[in-house]
Amino acid sequence: MGSFGLASSKCFLRRILPGLPNMFCREYSLDVSAELLRTQGFVNGRWVSAASTFPVLDPATGKELVKVSDFGPREARDAVIAAHKAFDSWKCQTAKERSILLRKWFDLVTQHKEDLAKLITAECGKPMRESLGEIAYSASFLEWFSEEARRVYGDIVAPTAKDRKILLLKQPVGVASIITPWNFPSAMITRKVGAALAVGCTVVVKPAEDTPLSALALAELATQAGIPAGVFNVVPCSREKASAVGEVLCTDPLVAKISFTGSTATGKILLKHAAETVKRVSMELGGHAPFIIFDSADVDKAVAGVMASKFRNSGQTCVCSNRFLVQQGIHDLFLEKLGRAMDAELRLGHGSDPTTTQGPLINTRAAEKVEHQIADAVAQGAVVLKGGKRLEGSFMQPTLLSNVTTDMLCMHEETFGPLVPVIKFNKEEEALAIANASVVGLAGYVYTQDISQIWRVAEQLEVGMVGVNEALLSTPEASFGGVKQSGLGREGSKYGVDEYLEVKYMCFGGLAL
């Protein structure tokens, strides 16, 4: 066992946030078990080095955490071959055997939750309380799919002729390429991999270049759980090599399935690659979630919902609320109460500090995007009620805007940051028209106490998931996915395993009855 030291610039947060208490003007340390701090790729049950490395940075300080092996197309191809060879034996294990191994993996993730959370906070920047929440969420998918492994049922269908029987079998598709984002570096892996392994597929995981450490730690625990060599592989790579590695994982003929979470633009590129060999695909792409608050809503509950939905991970979630539509009767009261809640509950700082609620954005490019949206809105007449400023590095003040119109960039482009643009509406039809005027449709939120209105609006919203008087949707028992350009397929729930299965029709004829 060992430890890894992480230190920030001593007064970095003092410089960007003058007036904060002395607890921000200190060095932060990260003590993680050496067995979980992995810097090599993981292929065929072995830790593998590459010819070069790339740095993983703490987004709060810009300091280098560690250097990780920078895999290229050749190493990615090796991982695909390893997964393909392992598939022959893994698919033949019984569902119960796979279930037991996934349950062991779940137990180990739960056992090491503190260290795994520290890794997330270090490479992703989110506060420790949120990182611990992600590890619990991450583990829940391994638990869920360990149970679903034994519930993959086929069908016996009534035939039209007396001398035949019709059977529908469910079989694993084969090797799955798993390409995951940085904002949930652990949970987005287990939500995909749990389903794939449960039904007998093998996987090659390409984590985001900003956050490879969580994926590599999961590989270590998978090995400890007894998951065989080649079943779970991890190919870390730099931003410079990501395109070439992704192309291998999406075009190699040995890959049968691609599961991707990320931007719509990247998803479209991967879909083109997948088309060359007609691969199965699951795409969980961008969102632009509307958050509609009607006059009948409980305003306090709506404010609490906004705080939970918008500011989790500093606004960097795919189901994060982005467009806030508030009916005119409660508009001013809502703004007042939300402003007070932001002042009382939000605290910027390093994610390792237990009092921090808002960490940095993942990098300076992310902060620049939010800054640009705010500038565009203000130039068109929006009023900054709270925040509005880009701070040093990738820190961004939580920002509340009023007088927002549908012409502004923030109403058309996903933000991925702590920005609350509020637009006033009069009638229900107007709110629905604004909410549905988007090419994407992942999640949407509705706050109202009118039961009839709940049904009307929830059914008419063009999204894959609707939160009614509830802002936190995700759970392994429920399906996760969107409509329009927010993607294809569903993750989690009993439907999650179907994404990794083929249905084979068997017709037995000539039976003497």
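Helix H2 (residues 73-90) passes helix H8 in a right-handed crossing, with the two axes 9 Å apart and at an angle of about 25°. The model is a predicted one. H8 (residues 239-251) also packs against helix H9 (residues 264-275), where the axes come within 8 Å.

**Packing of H2 and H8**

- Because angles under 35 degrees count as roughly parallel, H2 and H8 are assigned to that class.
- On the H2 side, the contact involves Pro-73, Ala-76, Arg-77 and Val-80.
- These residues meet Ala-244, Val-245, Val-248 and Leu-249 of H8.
- By class, the contact of H2 with H8 comprises seven nonpolar residues, one charged residue and no polar ones.

**Packing of H8 and H9**

- The axes of H8 and H9 cross at roughly 45°, and the two helices are therefore oblique to each other.
- The crossing of H8 and H9 is right-handed.
- H8 contributes Glu-247, Cys-250 and Thr-251 to this contact, while H9 contributes Leu-270, His-273 and Ala-274.
- The residues in the contact of H8 with H9 divide into three nonpolar, two polar and one charged.

**Stacked pair Phe-291 and Tyr-445**

- The ring centres of Phe-291 and Tyr-445 lie 5.5 Å apart with the planes at 25°, so this pair is stacked.
- Phe-291 belongs to strand S12 (residues 289-293) and Tyr-445 to strand S18 (residues 443-447); the pair thus links distant parts of the chain, 154 residues apart.
- Both Phe-291 and Tyr-445 are buried.
- Phe-291 and Tyr-445 form one aromatic cluster together with Phe-324 and Tyr-447.

**Edge-to-face pair Phe-294 and Phe-425**

- The rings of Phe-294 and Phe-425 have their centres 5.5 Å apart and their planes at 85°, so the pair is edge-to-face.
- Phe-294 is located in the loop between S12 and helix H10 (299-310), whereas Phe-425 is in strand S16 (residues 419-425), so the pair ties together parts that are 131 residues apart in sequence.
- Phe-294 has a relative accessible area of 1% and is therefore buried.
- Phe-425 likewise counts as buried, at 0% relative accessibility.

Note on methods
Residues are numbered from 1 along each chain as its sequence is written. This is a predicted model: local features need pLDDT of at least 70, side-chain atom pairs count only at pLDDT 80 or more; totals for chains, interfaces and linings use all residues. Side-chain values use heavy atoms; hydrogens and water are left out. Axes are lines fitted to C-alpha atoms, for helices over the stretch in contact, and angles run from 0 to 180 degrees between N-to-C directions. Helices (H or I, at least four residues) and strands (E, at least two) are DSSP runs, numbered from the N terminus. Angles under 35 degrees count as roughly parallel, over 145 as roughly antiparallel, 65 to 115 as roughly perpendicular and the rest as oblique. A crossing is left-handed if the near helix is turned anticlockwise from the far one by less than a right angle, and right-handed if clockwise. Contact means heavy atoms within 4.5 Å. Ala, Val, Leu, Ile, Met, Phe, Trp, Tyr, Cys and Pro count as nonpolar, Asp, Glu, Lys and Arg as charged, and the others, Gly among them, as polar. Rings of Phe, Tyr and Trp (its six-membered ring) pair if their centres lie within 6.5 Å; planes under 30 degrees apart count as stacked, over 60 as edge-to-face and the rest as tilted. Buried means under 20% relative accessible area, exposed over 50%, partly exposed in between (1.4 Å probe, protein chains only).
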